Amino acid sequence: MRLEKAEPEAVTRGAPVPSPPNTGGVTGFRFRDPDGHMVVLLDEASTAMPA
């Protein structure tokens, strides 16, 4: 299912948001699914491991 068809409630506004360092520091967009659960769409460009 495409994200826009699910009509998620956006939690993140604008640019992707980094999570706290103690949770891995990943960056992504946060949404709530139809049941109210938090879902994070990761921004792979900013979470790539250094070479």
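Reply: What follows starts with Arg-30 and then turns to the rest of the chain.

This is a predicted model, in which local features need pLDDT of at least 70 and side-chain atom pairs count only at pLDDT 80 or more, while totals for chains, interfaces and linings use all residues. Residues are numbered from 1 along each chain as its sequence is written, and side-chain values use heavy atoms, with hydrogens and water left out.

Arg-30 sits in strand β3, which covers residues 27–32. Strands here are DSSP runs (E, at least two residues) and helices are DSSP runs (H or I, at least four), numbered from the N terminus. Arg-30 counts as buried because its relative accessibility is 17%; buried means under 20% relative accessible area, exposed over 50%, and partly exposed in between (1.4 Å probe, protein chains only).

A polar atom of the Arg-30 side chain lies 3.0 Å from the backbone oxygen of Val-17. Val-17 is also listed among the contacts of Arg-30 (heavy atoms within 4.5 Å).

Val-40 is partly exposed, because its relative accessibility is 38%. Together with Val-11, Val-26, Met-38 and Leu-42, Val-40 makes a nonpolar surface patch of about 370 Å². Such a patch joins nonpolar side chains (Val, Leu, Ile, Met, Phe, Trp, Tyr) within 5 Å, from residues with over 30% relative accessible area and no salt bridge (a side-chain nitrogen of Lys or Arg within 4 Å of a carboxyl oxygen of Asp or Glu).

Another arginine, Arg-13, is in the loop between β1 (9–10) and β2 (17–18). Arg-13 is exposed, with a relative accessible area of 68%.

The chain as a whole has 1 helix and 4 strands, in the order β-β-β-β-α. Of its 51 residues, 12% are buried. The chain exposes about 4200 Å², of which carbon and sulfur atoms supply 58% (Shrake-Rupley method, 1.4 Å probe; for residues, only the protein chains shown count as cover).

Mean pLDDT, the predictor's confidence in each residue from 0 to 100, is 76 for the chain, and 76% of residues reach 70 or more. Confidence is highest in β3, at 86, and lowest in helix α1 (residues 44–47), at a mean of 61. Where pLDDT is low, the predicted coordinates should not be read in detail.

Notes
Polar contact = N/O pair within 3.5 Å; in protein donor to acceptor, adjacent residues only side chain to side chain. Patch = residues over 30% accessible without salt bridge, like charges linked within 9 Å, V, L, I, M, F, W, Y side chains within 5 Å. Lists of a residue's contacts leave out its neighbours within four places in sequence.
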